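Me: I have a structure open and would like to go through a few parts of it. Could you take my questions one at a time?

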Amino acid sequence: MSVSSASASTRPAAPVKKRRDIGDLKIALVFILPCLIGFGLFFLWPTIRGFYLSFTNYDGGNKPGKWVGLANYQQMLHDPVLAKSLLVTVEYVVINIVVQTILALMIALLMQRVVTSTLSRGTLLTPYFIAPVIAALVWFWMLDPNLGIVNVMLEKLGIGSISFFGSSTWVIPTIALVNVWKYMGYTALLIFAGLQTIPTSVYEAASLDGAGEVKQFFKITLPLLRPVIVLVLITSVTGSFQVFDTVAVTSKGGPANSSNVIQYYIVDQAFNRSHFGYGSAISVLLFVILVVVALIQFKALRGRESDLA
C-alpha cells in the first residue's frame, strides 16, 4: 500500500517539469527573437541571395540577371587579376597574423608580469576603438612621402623618403602593420585573459624543478594557452582575409594591383564595374576559403583539447 502511494505521488513530477521547460523555452525565444530576425535579414538572406547571384549575370539594375550557370566560376579560372589578388591577400594575412600574434603575446606576458595598472591595460584598447577609416587616414597622412612626419624623421636620419603606399614593395607590409597597430591591443587582452586561467601552482612546481622562464613559456604557457590561441588565430585570419577599409582609404588597390586584396576586388567588380554576378562568385570563393582555413586551423591546433586538467 505504501509503495503504490509513493509511486503515485511521484508520477505528476515529470509533466510539471516538462511544462516548466516549455515555458522557459518560450521566454528564451522571446529574448533571442530580435537577434534571429537581425541575423536572418542582414546575414542569412544576403548570403543566400549572393550565392544565387553568383550563377547569374546580374549587373545591379532593376532587371533580374539571366541564369548563366557556372560561367562566372569558369571566368575565375582565367582571371589573372583575381589570381594576383589571392596572392596579395595571402601575403597580407601572413604578415598581419605573424606580427600581430607575436606582439600581442609579448604584450600579454608583460601585462601579467610587469604592468599591473588597469589604466595602462585599458590604454591598449584605444587604437581598437578608433574607426578603421579614421585610423587609415591618420597613418596615410603620417606616412605621406612629402609631408608625413615619419618621412620627415627618415630624412633627418639620412635614410630618405619612402613612398609607403605608392610602392609595390612597401604597400602590403605597410597596410598590414597599420592593422597590427590597430588590433594588437585587443588580441593581447584576449591572450591576457587566457593567461589568467593558468594556475600559478603550475609555475611554482616548475620553478621547484629548476625550470627557467624560457622553458616554462614553451612547456607550460604555450600548451595551456592553446584554446585561446586557436580562437585568436581563427578570428584574426578570418578578419584579415576580409581587409577592405585600409586599402580603400590609402592605396585603392594600387600601384598596379599590388594591394588589390580580394575583398577590394569583389567590391570593385560589383559596385564599380556592375558585375554583381561575378563579384558574388568571388565572394562564394572567399567564403569557401575561409571555411577551409578555419577547419584546418581548428584541426591542426587541436582546438577542442586543453592541457588543463
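This is a predicted model: local features need pLDDT of at least 70, side-chain atom pairs count only at pLDDT 80 or more; totals for chains, interfaces and linings use all residues.

Me: Let us turn to H12. How many residues does it have, and how far does it reach?

Reply: H12 covers residues 226-241, which is 16 residues. From first C-alpha to last it reaches 22 Å, close to the 22 Å expected at 1.5 Å a residue.

Me: Which of its residues are buried?

Reply: The buried residues of H12 are Arg226, Val228, Ile229, Val230, Val232, Leu233, Ile234, Ser236, Val237, Ser240 and Phe241.

Me: What covers them?

Reply: The cover includes helices H4 (80-113), H9 (171-195), H11 (213-224), H14 (262-272) and H15 (276-300).

Me: Now the loop between H13 and H14. Where is the cis peptide bond?

Reply: The cis bond joins Gly254 and Pro255, with omega about -10 degrees. Pro255 lies in the loop between helix H13 (245-249) and H14.

Me: What is phi at Lys252?

Reply: Phi of Lys252 is near 55 degrees, a positive value in a residue other than glycine. Lys252 is also in the loop between H13 and H14. For context, most residues other than glycine have a negative phi, and most peptide bonds are trans.

Me: And what is phi at Ala256?

Reply: Ala256, which is not a glycine, has a positive phi of about 55 degrees. Its place is in the loop between H13 and H14.

Me: Is Lys252 buried or exposed?

Reply: Lys252 is exposed, because its relative accessible area is 52% and the cut-off for exposed is over 50%. Ala256 likewise counts as exposed, at 65% relative accessibility.

Me: One last residue. Where is Pro199?

Reply: Pro199 sits in the loop between H9 and H10. Pro199 is partly exposed, with a relative accessible area of 34%.

Me: How far apart are the C-alpha atoms of Pro199 and Leu29?

Reply: They are separated by 38 Å, and the two residues are 170 residues apart along the chain.

Notes
Residues are numbered from 1 along each chain as its sequence is written. Side-chain values use heavy atoms; hydrogens and water are left out. Helices (H or I, at least four residues) and strands (E, at least two) are DSSP runs, numbered from the N terminus. The expected span of a helix is 1.5 Å times one less than its number of residues. Buried means under 20% relative accessible area, exposed over 50%, partly exposed in between (1.4 Å probe, protein chains only). Contact means heavy atoms within 4.5 Å.
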